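Subject: Structure handover

Hi,

Here is the structure I promised to pass on. Please open it and keep it beside this email while you read.

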Amino acid sequence: MNKHICIHGHFYQPPRENPWLEDIELQDAAYPYHDWNEKITDECYEPNASSRILGEDGWIKKIVDNYSKINFNFGPTLLSWMEANRPEVYRAVIESDRKSSRNFSGHGSAMAQAYNHMIMPLAGSRDKETQIIWGIRDFEYRFGRKPEGMWLPETAVDLETLDIMARQGLKFTVLAPYQALRFRKKGEDFWRDTGSGGIDTTRPYSVRTGKSGGMINVFLYDGGVSAAVAFEKLLSNGERFAQRLLGAFGGGREGPLLANIAIDGETFGHHHRHGDMALAYAIQYIETNRLAVITNYPEYLEKNPPEYEVEIKENSSWSCAHGIERWRSNCGCNSGLHPGWRQEWRKPLRNALNLLRDSAALQFEQMAAKYLKDPWEARNDYIGVINRRSPESVESWLEKHRLRKLEREDRVIVSKLLEMQRHSMLMFTSCGWFFDDISGIETIQILQYAGRVIQLYRELTGQSPEREFLRILSEAGSSAAGYGSGAEIYEKHVRPAMVNLTKVGAHYAICSLFESFGDHSDIYCYNVDREDHHIRSSGAANLSVGKIKVASQVTGESQNQMYGVVNFGIHNVIGGIGIYRDEKKFLDMTAELKAAFKRADFSDVIGVLNKYFEGSTYTLRQLFRDKQRAVLEIILNTTLEEITGDYKRIYKRHAPLMGYLRDLGIPQPKAFQTTAEFVLNISLRQSLASESPDLEQINSILEEAEASRVSLDGAGLGYVLEQTLDRLGEKLAGRPGDRSVLGQLDTAIGLARSLPFVVDLWKIQNVYYGLMLNTYPEIIKKAEGGDNEARGWVEQFEALGDKLRIRRGG
């Protein structure tokens, strides 16, 4: 068959990690999830590894792996987060590449990506090289093979970038059709302009990358079908999606044809709910009916080498009609969500970051040359340290690149120099310019990376480019009310977020009032070793005094500290942290704090803290966000229990009157309505969190809520029950023969089906489907052989499947 179809998904999220903590902090806008990565993983990345194909009755016939049937790339920084935070999804993605290799003649479907989604034509030559090398090396680390192709961020392209890719052994990339300037058949002299008719996207092309004689292949995706998938609700129907793909072949020429599309992978589930299912159905429809051959880019390239070559439009991209201006000027491209907002801020933002990059590069080259054979080669190789944060990987990297034996202080300097370079690239992540205003979270994120560069620059040189950086940034005005200029945004959102070893120590000290630490603790990317510790309590007040060593896992820098911190009750916490200099001072401070605390002379306690830690005192405000929220929940717990009890008593006392008013058709006083909403939501939340929910109690609450016209927090309540179901699913996967767990699940699923809000059964359906394939056949044989226990299990299991709407034998 000469008709082939390739679907490419570009799966990517910008790096969201706090630059000082190397982890994502709580993002309230992603509620009920912890952060956006977690939310989008549940909506898109995980579902595409186990997507549903439904029968005409709406029941699940089959669960399939979409990744193994499409072409795809994942951003390296996203995979790094996934490896640490959602390892089961990470493993599924890696395994999908192996499956695709079996599907597509030994060619895996995964492509590499330039490391942190930098707009490559706007980068210097060294940054281009490092981005490509890091993308390749990260891919090899994760997928265990060399990549054949690489995705360019926003498909932004120039010949220098393609030349570096070719020299690094990459065979192809993917571009938009309007990035082609002209083309010709190999061996011909005459070039044909693409013109208004465009270019044939059903064949691959070769590109000459410059005077070096380099050559790389490109696939030009079908722009019309890709846009329809992304923006025209084509994913609302899998068969219609398949027919639109088949329509891309046209009827213009004979020979092998490739209908190929490329879109953001998040389209399949996050942007379009259940888009993964439309994708799964379309692929099955095409294959089952033998309408075309599903392939991936490298397989098609091997079987159909390019017969044509193309010249590209340099400095072009897939998401800006003006080339690459979206990332450096007010070109007119924006989301369209804020009419009247302008993007003049893009130019000064880039100018400020360019200044910072160039200043940091000069210092890096000069300083690193004292320690490393070739600083830039060492930077290219540093990805091995980033992917394996351990003393062993640092030692291996240093052994390869150092000029001489390095003392501990030298190692810290070298690590800081390389981290300054890493963040100098992270601050150019494309999303910082993509959206409508400099006050957006994506732009604040890259400004935080810039803040980390400035901090490291200052620590390394004793100087700082910050003043000139902020002068240029002050020219970047925000259109959003209350934000001012880029410099003001930096002062408000970046400077307070900066972390040093002292702040880590303060965090540890305050937390020691609320949780028990061992002799060694990890706080994000820092190690804390406890050397001495004293706790005292008096009524609601608590005192913590200690001596610790804090060390960065990233740079190796360390500091010995002493601290004293006191909680006077509720949220009144104050503490001091300072460098430990001698034992006598520490013992004197400890004795004075203990004595003042024992006398319950809290003003004297504050006096002692000021005496030993003048100018270096901290409160709950300085805690890192996740722990701050957790500590406040601990503090609030007693208060909330008291408030909840009061509300429940009020509700119980006045419920008859509320019912009477309701029966008379008289509007409820707002105080009554608020009380009912609080009590019924919290009661329902507590009931749904139980692995053995009381159905009678839950139904009673739901009836009350309906009668009182109370708004239920569907998202939050559904999430609570989903977590309960996930825990039960894990139990069943670990103990598939346990009929009591089957019974609990049966009850919980029945409950989920009856609720007036959506409960996602996706994960428990996956568990059930796996057991249906692997465990069910064995036990049903035992049942057929007369095993009564097995027969009882089969009956329960099949009943559960019916509630999950999974068709056995589908």
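Which residue takes a positive phi in the hairpin of β16 and β17? It is glycine 539, with a phi near 65°. Two residues lie between the strands of that hairpin. Bear in mind that this is a predicted model.

**The strands around β17**

Start with β17, residues 541-552. Strand β16 covers residues 526-538 and pairs with β17 over 12 bridges, in the antiparallel sense.

Is β17 enclosed or open? 10 of its 12 residues are buried, so β17 is largely enclosed by the rest of the structure.

**A mixed sheet**

Next, find the open sheet of six strands. Their order is β7-β11-β10-β14-β8-β9, and the pairing is mixed. The edges are β7 (172-175) and β9 (192-193). Each has a single partner strand, so one side of each has no neighbour in the sheet.

Inside the order, β10 (residues 205-208) and β14 (residues 308-312) pair in the parallel sense over two bridges. Serine 206 stands opposite glutamate 309 in β14. Helix α5, residues 159-167, lies across β7, β10, β11 and β14. Its angle to β11 (215-220) is about 115°.

**Two helices in contact**

Two packed helices are described by the angle and the distance between their axes. Take α2 (residues 76-85) and α3 (residues 87-103): their axes come within 6 Å and cross at roughly 125°. The two helices are therefore oblique to each other. On the α2 side, Leu79, Met82, Glu83, Ala84 and Asn85 make the contact. They meet Pro87, Val89, Tyr90 and Val93 in α3. The contact residues divide into seven nonpolar, one polar and one charged.

**Cysteines**

How many disulfides are there in the whole structure? The search finds zero. For cysteine 320, the nearest cysteine sulfur is that of cysteine 333, 3.8 Å away. A disulfide needs the two sulfurs within 2.5 Å. Cysteine 320 counts as buried, at 6% relative accessibility. Cysteine 431 is in no disulfide either; its nearest cysteine sulfur, that of cysteine 320, is 14 Å away. Cysteine 431 is buried too, with a relative accessible area of 11%.

Best wishes

Methods
Residues are numbered from 1 along each chain as its sequence is written. This is a predicted model: local features need pLDDT of at least 70, side-chain atom pairs count only at pLDDT 80 or more; totals for chains, interfaces and linings use all residues. Side-chain values use heavy atoms; hydrogens and water are left out. Axes are lines fitted to C-alpha atoms, for helices over the stretch in contact, and angles run from 0 to 180 degrees between N-to-C directions. Helices (H or I, at least four residues) and strands (E, at least two) are DSSP runs, numbered from the N terminus. Angles under 35 degrees count as roughly parallel, over 145 as roughly antiparallel, 65 to 115 as roughly perpendicular and the rest as oblique. Contact means heavy atoms within 4.5 Å. Ala, Val, Leu, Ile, Met, Phe, Trp, Tyr, Cys and Pro count as nonpolar, Asp, Glu, Lys and Arg as charged, and the others, Gly among them, as polar. Buried means under 20% relative accessible area, exposed over 50%, partly exposed in between (1.4 Å probe, protein chains only). Two strands pair if DSSP finds at least two bridges between them.
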